[in-house]
Amino acid sequence: MTKEELVAEALKARERSYSPYSKFAVGAALLCKDDEVFYGANIENASYPLSMCAERNAIYNAIMHGKEMEDFLALAVVGNTDSPISPCGACRQVLSELFPRDGKIFLANLKGDIKETNIDEMLPYAFDDSDL
């Protein structure tokens with residue numbers, strides 16, 4: 001699957017966003033090595049801290065379906081931003097533990113801009129088990 005196709009899948013996931021407060025819909029699509037795709041969208045709550053981002057929903061969805069980090073190949077995230085969307089710190093931290101270091105991360109916007117990155121670039125000093 002090309003990065004453009006994976007971003008198109010993230011756009012489909014974005015349609016499932018529940019974002020009545022921020023009006024900021026985000027979609028994510030996680031591609032596994034067996035070509036299975038797992039989706040996530042941001043889900044808000046009136047108690048804002050209880051909301052959940054699209055990226056974490058996609059990762060958790062895959063894990064709940066029996067996938068493991070070794071199964072993950074690429075992640076696409078898309079939102080209505082001027083430049084390619086940037087995951088929040090919580091999502092970066094989760095990705096640093098549950099997404100492979102060599103996995104590709106495609107950050108996109110509705111204009112078709114796509115930035116390819118990885119978790120080491122996004123969170124170079126991640127908190128990990130060596131900090132415990």
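I began with the lining of the largest pocket, which has 10 nonpolar, four polar and three charged residues by class. Here Ala, Val, Leu, Ile, Met, Phe, Trp, Tyr, Cys and Pro count as nonpolar, Asp, Glu, Lys and Arg as charged, and the others, Gly among them, as polar. This is a predicted model, in which local features need pLDDT of at least 70, side-chain atom pairs count only at pLDDT 80 or more, and totals for chains, interfaces and linings use all residues. Residues are numbered from 1 along each chain as its sequence is written, and side-chain values use heavy atoms, with hydrogens and water left out.

I then looked up the nonpolar cores (sets of buried Ala, Val, Leu, Ile, Met, Phe, Trp, Tyr and Cys residues joined through side-chain atoms within 4.5 Å). Buried means under 20% relative accessible area, exposed over 50%, and partly exposed in between (1.4 Å probe, protein chains only). The largest core has 20 residues, and F72, L75 and F99 are among those with the most contacts inside it. I noted a second, separate core of 11 residues, including A10, V37, A76 and A108.

For F99, I set aside neighbours within four places in sequence and found contacts with residues including L30, I59, K104 and I105. Contact means heavy atoms within 4.5 Å.

A polar contact of 2.5 Å joins the K67 and D34 side chains. Such a contact is a pair of N or O atoms within 3.5 Å; within protein, one must be able to donate a hydrogen and the other to accept it, and residues adjacent in sequence count only if both atoms are side-chain atoms. Beyond neighbours within four places in sequence, K67 also contacts residues including C32, E36 and F72.
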